[in-house]
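I opened a new notebook for this chain. I want to note what I look up, one entry at a time.

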Amino acid sequence: MIATLTRPDRPQDTLHRYAECVTTAEIRAIGAAEAAFARGDDDALRKAYDEHGRLVYTFCARALGPERANDVTQEVFLSAWRARDRFDPAKGNLAAWLTGIAKNRIIDAVRAEKRHSDRRAPESTDDMPTESE
């Protein structure tokens, strides 16, 4: 059975095109997993990672490269778990929320790398005395 998605904040025609490929059972399973995550149920973090880990990793890898993406992906899920009380399944889905956290963690990683590279950059040698002076 195909479900019809209804959300008061979106026009029905926008949602209808997605309803064609999502079953009622899938909607219930997704909703249950998101509610379990928000409640902090045992095993909810693992389930969230199993469902969305590939999405978050790919997003991070495209921005940072595969080496750094593993660490940032882990940071995303830890941040999400610690802030799970701020996740509201009625306002949006878990994948979108995790992607938003990932975007912020990517920005943090880029800024941190820039700070570290600025510190490692050699100082200007123009003001240093040379051996001939």
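Before I place any residue, I need the term: helices are DSSP runs of H or I, at least four residues long, numbered from the N terminus. With that, I can write that Lys-103 is found in helix α5. I also note that the model is predicted.

**Entry 1: the whole chain**

I looked up the secondary structure and got 5 helices and 0 strands. From the N terminus on, the elements read α-α-α-α-α. The chain has 133 residues, and buried residues make up 26% of them. I then took the contacts between residues at least 6 apart in sequence, and 51% of these join residues at least 24 apart.

**Entry 2: Cys-60**

I picked Cys-60, which is in helix α3, residues 44-64. Is Cys-60 buried or exposed? Buried means under 20% relative accessible area. Cys-60 has 0% relative accessibility, so Cys-60 counts as buried.

Which residues does Cys-60 touch, leaving out those up to four places away in sequence? I found Gly-65, Ala-69, Val-72, Thr-73, Ala-102 and Ile-106.

I also checked two C-alpha distances. Val-76 is 16 residues from Cys-60 in sequence and 9.7 Å from Cys-60 in space. Lys-103 is 43 residues from Cys-60 along the chain, and their C-alpha atoms are separated by 7.9 Å. For Lys-103 I wrote down 44% relative accessibility, so Lys-103 counts as partly exposed.

**Entry 3: α3 against α5**

Next I looked at the pair of helices that hold Cys-60 and Lys-103. Helix α5 covers residues 94-120, and its axis and that of α3 come within 10 Å and cross at roughly 35 degrees. The crossing is right-handed.

Which residues meet there? On the α3 side I listed Ala-48, His-52, Leu-55, Val-56, Phe-59, Cys-60, Ala-63 and Leu-64. On the α5 side they are Leu-94, Ala-95, Leu-98, Thr-99, Ala-102, Lys-103, Ile-106, Ala-109 and Val-110. I sorted the residues of this contact into 14 nonpolar, 2 polar and 1 charged.

**Entry 4: His-52**

His-52 is also in helix α3. His-52 has 12% relative accessibility, so His-52 counts as buried. What joins the side chains of His-52 and Glu-51? It is a polar contact of 3.4 Å.

Leaving out residues up to four places away in sequence, His-52 touches Phe-77, Leu-94, Ala-95 and Leu-98.

In soluble globular proteins, nonpolar side chains tend to be buried together. I looked for such a set here.

How many residues does the largest nonpolar core have? It has 19, and those with the most contacts inside it are Phe-37, Val-56, Cys-60, Val-72, Val-76, Leu-94 and Leu-98. The elements that give two or more residues to this core are α2 (24-39), α3, α4 (66-82) and α5. Helix α5 gives the most, with 6 residues.

**Entry 5: Glu-34**

Glu-34 has 8% relative accessibility, so Glu-34 counts as buried. Which residues does Glu-34 touch beyond four places in sequence? I wrote down Phe-87, Pro-89, Gly-92, Asn-93 and Leu-94. Leu-94 is also on my list of residues with the most contacts inside the core.

**Entry 6: two loop residues**

Asp-43 is in the loop between α2 and α3. Its relative accessible area is 40%, so Asp-43 is partly exposed. I looked up its phi, which is near 80 degrees, a positive value in a residue other than glycine. Most residues other than glycine have a negative phi.

Where is Ala-83? Ala-83 is in the loop between α4 and α5. At 11% relative accessibility, Ala-83 counts as buried. Ala-38 is 45 residues away from Ala-83 along the chain, and the C-alpha atoms of the two are separated by 9.1 Å.

Definitions and conventions
Residues numbered from 1 in each chain as written. Predicted model: local features only at pLDDT ≥ 70, side-chain atom pairs only at ≥ 80, totals over all residues. Heavy atoms only, no water. Buried < 20%, exposed > 50% of the residue type's maximum accessible area, 1.4 Å probe, protein only. Contact = heavy atoms within 4.5 Å. Axes fitted to C-alpha atoms, helices over the stretch in contact; angles between N-to-C directions. Left-handed = near helix turned anticlockwise from the far one by under 90°. Nonpolar A, V, L, I, M, F, W, Y, C, P; charged D, E, K, R; others polar. Polar contact = N/O pair within 3.5 Å; in protein donor to acceptor, adjacent residues only side chain to side chain. Core = buried A, V, L, I, M, F, W, Y, C linked by side-chain atoms within 4.5 Å.
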